[in-house]
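Open the model in your viewer and keep the selection panel at hand. The tour moves from one selection to the next.

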Amino acid sequence: MSAQEFYSRWAALYDLVSRRTPGVSRTRARVADALGLELGDTVVEMGCGTGANLERLRDRVGPEGRVVGVDFSPGVLDRAADHVARNGWRNVHLVRGDATHPPIDEADAVLATFVVGMFADPAGVVERWCDLLGPGGRIALLNAARSRRPYGPLVNLPFRGFVRVSTPERRRLETPAHELLDRRVEAGHAALDRRCERVVHEEHALGLLRLAAGRVL
Ligand SMILES: C[S@@+](CC[C@H](N)C(=O)[O-])C[C@H]1O[C@@H](n2cnc3c(N)ncnc32)[C@H](O)[C@@H]1O
């Protein structure tokens, strides 16, 4: 099943999980803060899914700012559009498109949560986002990966199962899904390190969530 079919089919469940998973909401607020948004900014969320971050981003850029959500799966975008319409957010726009080659000309900030691990070339995509932003632009990534803490083996076991069932292309993979995810997340975050200054790295939720944020050089 392609990622677009997977996320469209499971959009309702994903919407629930993405908003209600304990600990994740707090980390979503933290990653939105890490972007250092200012009133009037334009922030683009790559792979916005059902829109779990949109309200926080909108709060931070204010009514004069703009929030643009990009995703390629119609099912999740429909859900996100319902949230936007129900709340009457006029400055939140949803675009169906490929986040690896975003259909966006300029922005002040880019956010991507739980997305970079889905890309075959995460470093190349993060580089492209930095190019789109230009010097001074802000970027923040939040991703799940295996915990590196001393008690990691305990929490990584259930995490591996979760990663497997939530990986659309799991049957076609030659590498276990959790290993591939770790590798991609590390590559994406390392690209941010190379391209940015004032870089912040944090771990949350027993070390299963990794945040990286910075300002493009
Ligand atoms: C795990 S979900 C995360 C959704 C949201 N960012 C969140 O934090 O809840 C991954 C999302 O990325 C989208 N996605 C994956 N690859 C994409 C691509 N190349 N272009 C656009 N969207 C993509 C999927 O459709 C899905 O909605």
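**Aromatic pairs, then the ligand**

Select Phe119: at 10% relative accessibility, Phe119 counts as buried (buried is under 20% relative accessible area, with a 1.4 Å probe and protein chains only). This is a predicted model, where local features need pLDDT of at least 70, side-chain atom pairs count only at pLDDT 80 or more, and totals for chains, interfaces and linings use all residues. Residues are numbered from 1 along each chain as its sequence is written, and side-chain values use heavy atoms, without hydrogens and water.

Now show rings. The whole structure holds 3 aromatic pairs (ring centres within 6.5 Å, using the six-membered ring of Trp). Phe6 and Tyr7 have ring centres 5.1 Å apart and planes at 75 degrees, so they pair edge-to-face (planes over 60 degrees apart). Both Phe6 and Tyr7 are buried. Return to Phe119 and Trp129: their centres are 5.9 Å apart and their planes at 80 degrees, so this pair is edge-to-face. Phe119 sits in the loop between strand S4 (109-113) and helix H6 (122-133), and Trp129 in helix H6 (helices of at least four residues and strands of at least two are DSSP runs, numbered from the N terminus).

Select Tyr14 next. Ring pairs join Phe6, Tyr7 and Tyr14 in a cluster.

Finish at the ligand. A polar side-chain atom of Asp71 is 2.6 Å from a ligand oxygen atom. For Thr113, an N or O atom in the side chain lies 2.5 Å from an oxygen atom of the ligand.

How values were computed
A polar contact is a pair of N or O atoms within 3.5 Å; within protein, one must be able to donate a hydrogen and the other to accept it, and residues adjacent in sequence count only if both atoms are side-chain atoms. Rings of Phe, Tyr and Trp (its six-membered ring) pair if their centres lie within 6.5 Å; planes under 30 degrees apart count as stacked, over 60 as edge-to-face and the rest as tilted. Buried means under 20% relative accessible area, exposed over 50%, partly exposed in between (1.4 Å probe, protein chains only).
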